[in-house]
Structures are given as C-alpha cells and as structure tokens.
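Hi everyone, thanks for coming. Today I'd like to walk you through one protein chain, from the inside out. Have a look at the sequence and the structure first.

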Amino acid sequence: MKIWIDADACPKPIKELLYRAAERRMIFLTLVANRSLGHPASKWISSIQVAAGADVADQEIVRLLTAGDLVVTADIPLAADTIAKGGHAIDPRGVFFSEDNISERLSVRNFMDDLRSNGVETGGPAAYSSKDKQKFANELDRFLARCR
C-alpha cells in the first residue's frame with residue numbers, strides 16, 4: 001500500500017501528520033501537486049510536480065495508484081475515481097469515502113457546483129480546526145491498523 005496526497009490544497013498539519021505516519025509505519029507516501037513542495041528528506045516520502053491545470057494532479061494520482069492504496073483528498077471526483085480503481089480515500093477532515101457514500105457525495109457536490117455556476121452564493125467550508133485534525137489522525141490510525 002502507498003499513500004498519495006492531493007497536495008495542492010491539503011492542510012499543512014495533515015501533511016506533517018502523514019510524514020510521521022509514513023516514517024513510523026514504513027509506507028511510501030507521495031505528494032502530487034502542480035507546484036514544487038518541500039518535504040522531509042526520507043526514503044519513504046517523495047513528491048511529483050505536474051503541469052498546471054484543472055485536475056492534472058488528480059489524473060496523475062489515479063494513473064499511478066493501485067488497488068489498496070490510500071488517497072488523501074477533499075476532491076470528491078478524485079475520491080470517486082480512487083474508489084472505482086479499488087483504492088481508499090479520506091478527506092483531511094477525517095471522512096472516509098466509500099462505495100456506500102460516494103454517489104451521494106458526488107450528487108451533492110454537483111448540485112452545489114450547479115448552484116454556484118448559476119450565481120447562488122453557497123459559502124465555503126468551515127475553517128479547518130484542531131478537532132478536524134484529530135478526527136483525521138484517529139481515522140488514519142484505524143485504517144493503517146486494519147491494513148497491517
């Protein structure tokens with residue numbers, strides 16, 4: 001199993017938590033972004049810089065992941081593609097996407113996108129909190145324990 005981070009929008013505290021988890025559990029972790037990202041020097045941690053453009057990083061993650069890999073993303077279409085390819089997906093707030101919930105989440109996402117494209121202001125997500133980080137850490141630990 002490898003861990004892939006959709007790194008352009010991933011909160012720094014989550015990346016730092018993932019760096020420690022990769023080292024501790026000896027799991028390869030790759031950050032994928034359309035800009036250069038620094039990360040700790042480690043044989044377990046690498047990064048891939050892709051060209052600028054909508055969904056380029058997402059497409060690269062889907063191209064490279066294999067069944068059983070974990071993708072960290074808040075991007076619901078990327079999570080859906082990950083699940084379709086046999087991978088696992090979790091968002092930085094600790095919500096696991098699954099075959100049971102991804103269709104509903106895609107529908108809501110598409111509905112909200114339609115509203116925004118028609119000029120309706122829908123607001124954004126709540127500010128990222130320490131509670132979100134803790135939920136992510138707990139879910140990640142549970143997932144990694146199941147995988148061993």
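This is a predicted model: local features need pLDDT of at least 70, side-chain atom pairs count only at pLDDT 80 or more; totals for chains, interfaces and linings use all residues.

Okay, the inside. Here's a bit of background: in soluble globular proteins, nonpolar side chains tend to be buried together. In our model, the largest nonpolar core has 26 residues. Which of them touch the most other members? Those are Leu18, Leu29, Leu31, Val72, Phe136 and Leu140.

Where does this core come from? Strands E1 (2-6), E2 (28-33) and E4 (70-72) each supply at least two residues, and so do helices H1 (12-25) and H5 (130-147). The largest share comes from H1, with six residues.

Let's zoom in on Leu29. Leaving out residues up to four places away in sequence, Leu29 touches Ile3, Ile5, Leu18, Tyr19, Ala22, Trp44, Ile45 and Ser46. There's also a second, separate core of nine residues, and Ala57, Val62, Val71 and Leu78 are among them.

Now for helix H2, which runs over residues 56-64. Buried in this helix are Ala57, Asp58, Glu60, Ile61 and Val62. What covers them? The cover includes E1, E2, E4 and helix H3 (76-84).

On to the charged side chains.

Arg63 and Glu60 form a salt bridge, 2.9 Å from N to O. Both sit in H2, three residues apart, about one turn of the helix. Why does that spacing work? An α-helix has 3.6 residues a turn, so residues three or four places apart point the same way. Are the two partners buried or exposed? Arg63 is exposed, at 54% relative accessible area, while Glu60 is buried, at 18%.

Lys12 counts as exposed, with 59% relative accessibility, and Glu16 is partly exposed, at 32%.

The last pair is Arg35 and Asp8, with 3.9 Å from N to O. This bridge links distant parts of the chain, 27 residues apart. Arg35 is in the loop between E2 and strand E3 (45-49), and Asp8 is in the loop between E1 and H1. Arg35 is partly exposed, at 39%, and Asp8 is partly exposed as well, at 27%.

That's it from me, thanks!

Notes
Residues are numbered from 1 along each chain as its sequence is written. Side-chain values use heavy atoms; hydrogens and water are left out. A nonpolar core is a set of buried Ala, Val, Leu, Ile, Met, Phe, Trp, Tyr and Cys residues joined through side-chain atoms within 4.5 Å. Buried means under 20% relative accessible area, exposed over 50%, partly exposed in between (1.4 Å probe, protein chains only). Helices (H or I, at least four residues) and strands (E, at least two) are DSSP runs, numbered from the N terminus. Contact means heavy atoms within 4.5 Å. A salt bridge is a side-chain nitrogen of Lys or Arg within 4 Å of a carboxyl oxygen of Asp or Glu.
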